[in-house]
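I opened the notebook to look up the ligand site. I wanted the pocket, its lining and the contacts.

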Amino acid sequence: MPLTQETLLGKSVDELTTWVKQQGQPAYRGKQLHQWLYEKGARSLTEISVFPKTWREELSDYPIGRSKIAHRTIAPDGTRKYLLSLADGLIIEAVGIPTSKRLTVCVSSQVGCPMNCDFCATGKGGYERNLTCAEIVDQVLTVQEDFQQRVSHVVFMGMGEPLLNIKDVVKAVKIINQDVGIGQRSLTISTVGIPQKILQLAHYQLQITFAVSLHASNQALREELIPGAKHYTLGKLLADCRKYVDITGRRVTFEYVLLGGVNDLPEHAIELANHLKGFQSHVNLIPYNPIAEADYQRPDEHSIQKFMQLLQERRIAASVRYSRGLEADAACGQLRTSRHEVGSI
Ligand code: SAH
């Protein structure tokens, strides 16, 4: 199936109405189709029992835009990792993370990732292509259906760099918000920083949470960990983040993976605090999750707490984010496409 093929998923109610009219059907079928796609999770037009039988049969092969679950792993903490098979046979990962009142979905924005951050498994697996808006929305619906529970939060923290796919990511944000019905403030886009793209995102004026993967307190260290940082200095990145706050009026979250002995020393915390002084931001410290392809160490609990304390003493809002789903390789940085894993559920 060609990648560019139009699918019904990813269309708004107005676009669906136009489509049904083009098919010679009355306009109200657009609303019905919308409900079946986004609420009832229809996977083919033949399922839509309110449609005339002959029309359904004619369109039985029309692409809706849903993936197939190729494999599902459940971690002891309830986190579920899915390998989803796309129309062209490529595989992506999505993660469902249940907590007391929430169901968060961690969605991929690309197949693989071209950024190649040294501590992240996704980049080690290579890069294939951007995901379409429909392929992003599908991940949310798939997790919602599998848990039989409404998704409350969506984080663009799966495979890929969302700002390299900004058009479809923003389109997906709008659909997830307006058509799936999740508030924009419950959606998070995370980026490692791509020149020009942060300001481009700011101008969309979304109410989302914006997160930037910083991971280092100076340029030299950042370049060691993130190859792309060479073309986008820490100074320029932070200046763009400040502009983001000015344009949107929303604070920025900084993510900082703590790598034992590498970027977690007291001097790093102090250096980071100096950069962020007076900045409307929040720092999320993420203790490193081990991956096979890198030999970093997760810091001990004392160093993690010390790092946080040094920031807080300098009036920098900070908290530690303990990843869930470690046992299922579903935690931050552990997502990669491994075709050999694919089997039955
Ligand atoms: N490309 C985007 C979206 C991916 S988000 C970005 O970099 O922000 C994935 C988050 O998990 C990022 O904050 C990333 O830096 C973090 N991460 C990657 N590898 C990790 C690992 N091994 N342990 C803990 N966190 C990791």
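For sorting residues by class, I count Ala, Val, Leu, Ile, Met, Phe, Trp, Tyr, Cys and Pro as nonpolar, Asp, Glu, Lys and Arg as charged, and the others, Gly among them, as polar. I note at the outset that this is a predicted model.

**Entry: the pocket lining**

I sorted the lining of the largest pocket with those classes. I got 24 nonpolar, 20 polar and six charged residues. In total, 50 residues line this pocket. I then looked for those nearest its centre and found Val155, Met157, Glu255, Arg321 and Cys332. The space in the largest pocket comes to about 1200 Å³.

Next I looked up which elements give two or more residues to this lining. They are strands S3 (91–98), S4 (103–106), S7 (153–156), S8, S9 (209–213), S10 and S11, together with helix H4 (121–124). Which of them gives the largest share of the lining? I found that S8 does, with four residues.

**Entry: the ligand and its shell**

Where does the ligand sit? I located it in the largest pocket. For the shell around the ligand, the elements that give two or more residues are strand S8 (187–191), strand S10 (252–258) and strand S11 (281–287).

I listed 21 residues around the ligand. The closest are Phe119, Ser190, Ser213, His215 and Asn289. By class, I put 11 residues of the shell down as nonpolar, eight as polar and two as charged.

**Entry: polar contacts**

I went through the side chains one at a time. Ser190 has a polar side-chain atom 2.6 Å from an oxygen atom of the ligand. Ser190 is also among the residues closest to the ligand. For Glu161, I read 3.0 Å between a polar side-chain atom and a nitrogen atom of the ligand. Glu255 places a side-chain N or O atom 3.2 Å from a ligand oxygen atom.

On its own, the ligand has 540 Å² of accessible area, and the protein covers 95% of that.

Terms used:
Residues are numbered from 1 along each chain as its sequence is written. This is a predicted model: local features need pLDDT of at least 70, side-chain atom pairs count only at pLDDT 80 or more; totals for chains, interfaces and linings use all residues. Side-chain values use heavy atoms; hydrogens and water are left out. A residue is near a molecule or strand if one of its heavy atoms lies within 4 Å of it. A polar contact is a pair of N or O atoms within 3.5 Å; within protein, one must be able to donate a hydrogen and the other to accept it, and residues adjacent in sequence count only if both atoms are side-chain atoms. Accessible areas come from the Shrake-Rupley method with a 1.4 Å probe; for residues, only the protein chains shown count as cover. On a 1 Å grid over the protein atoms alone, a cavity is a set of points where a 1.4 Å probe fits but cannot get out, and a pocket is an open set with protein on both sides within 12 Å along at least five of seven lines; lining residues have an atom within 4 Å of a point. A molecule sits in a cavity or pocket if more than half of its atoms lie within 2 Å of its grid points. Grid points are joined across faces, edges and corners, and a volume is the space filled by probe spheres set on the points.
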